[in-house]
Amino acid sequence: MIELKNIKKSFNGRPILDDINLTINDGEILAIVGPSGAGKTTLLRALAGLGDIDSGEILLDGKPFDPRSSDLKNNVIGVVFQDYNLFPNLTVWENVTLAPKMVLKMTKTALENEIKPILTHLKLAGKEGLYPFELSGGMKQRVAIARALAMKPSVLAYDEPTSALDPSMRTEVSNLLLDLKKDGVTQIVVTHDIELADKIADKIFRVNAIS
Ligand SMILES: Nc1ncnc2c1ncn2[C@@H]1O[C@H](COP(=O)(O)OP(=O)(O)OP(=O)(O)O)[C@@H](O)[C@H]1O
């Protein structure tokens, strides 16, 4: 369980997040919605340790947790970015196994045993040798999800998972997230897509623009 308590963040004296209080239970899908510029990505970045907060507290299973100080090994929150950030010069297999190999020091056998099932689950079996430029948008997204899952995060977070895809892929994305939920993966979805949020989320958190 992750709890956010009284989170505040300003940029150049302008408040963006003002007293955010939020609980994400294990196995839940939380959607974070709100108008453009309201601070959704700022909140996600703070949770993932990519940006700091001015005040407030983040608790992981009841204990204070600083995402910025957690090393990658703990990898509490894995983030799937809007543009996926795949390494263009690495194959699917290399993209997904790089961090487990370098950071978790997983052996070749462990990689085979642990990463192959993730790729199969994400319908990427047989695609291991392809490069990102050879993949469709939906496949790139699944590689990015596989890469995040390979680090065994407690929570998987997505920034606008439908925005870079053809609208017809929406159902595929929602089915994928619901599938991962069935496996017990806790997920946070930042989205403009209210229909997606309504369809998949256990809880919807609205970030309001502060005037
Ligand atoms: N590093 C930064 N320095 C200064 N201002 C910033 C910085 N990062 C974000 N902001 C500002 O904070 C506000 C919130 O940005 P954020 O990207 O979190 O909004 P958002 O709700 O995710 O928007 P969108 O839906 O358009 O992605 C915006 O006004 C943005 O310009």
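Author: In this predicted model, Gly-56 touches Leu-4, Lys-5, Asn-6, Ile-7 and Lys-8, when residues up to four places away in sequence are not counted. Gly-56 itself lies in strand 4, which covers residues 55–60.

Reader: What makes these residues count as touching Gly-56?

Author: The criterion is that the C-beta atoms, placed from the backbone, lie within 7 Å, and Leu-4, Lys-5, Asn-6, Ile-7 and Lys-8 are therefore listed as touching Gly-56.

Reader: Why is Gly-56 called partly exposed?

Author: Gly-56 has 16 C-beta neighbours inside 10 Å; since buried requires 20 or more and exposed requires 12 or fewer, the value falls in between, and Gly-56 therefore counts as partly exposed.

Reader: Which residues surround the ligand, and how do they divide by class?

Author: The ligand is surrounded by Phe-11, Asn-12, Ile-16, Gly-34, Ser-36, Gly-37, Ala-38, Gly-39, Lys-40, Thr-41, Thr-42 and His-192. This shell divides into 3 nonpolar, 8 polar and 1 charged residues, with Gly counted among the polar ones. Its largest share, 3 residues, comes from helix 1, residues 40–47.

Reader: How do helix 2 and helix 3 pack, and what makes the contact between them?

Author: Helix 2 (residues 92–102) and helix 3 (residues 108–121) pack at an angle of about 145 degrees, and their axes are 11 Å apart. The contact is made by Val-96, Thr-97, Pro-100 and Lys-101 of helix 2, together with Leu-111, Ile-115 and Leu-119 of helix 3; by class, these are 5 nonpolar, 1 polar and 1 charged.

Note on methods. Residues are numbered from 1 along each chain as its sequence is written. This is a predicted model: local features need pLDDT of at least 70, side-chain atom pairs count only at pLDDT 80 or more; totals for chains, interfaces and linings use all residues. Axes are lines fitted to C-alpha atoms, for helices over the stretch in contact, and angles run from 0 to 180 degrees between N-to-C directions. Helices (H or I, at least four residues) and strands (E, at least two) are DSSP runs, numbered from the N terminus. Two residues are in contact if their C-beta atoms, placed from the backbone, lie within 7 Å. A residue is near a molecule or strand if its C-beta atom, placed from the backbone, lies within 6 Å of it.
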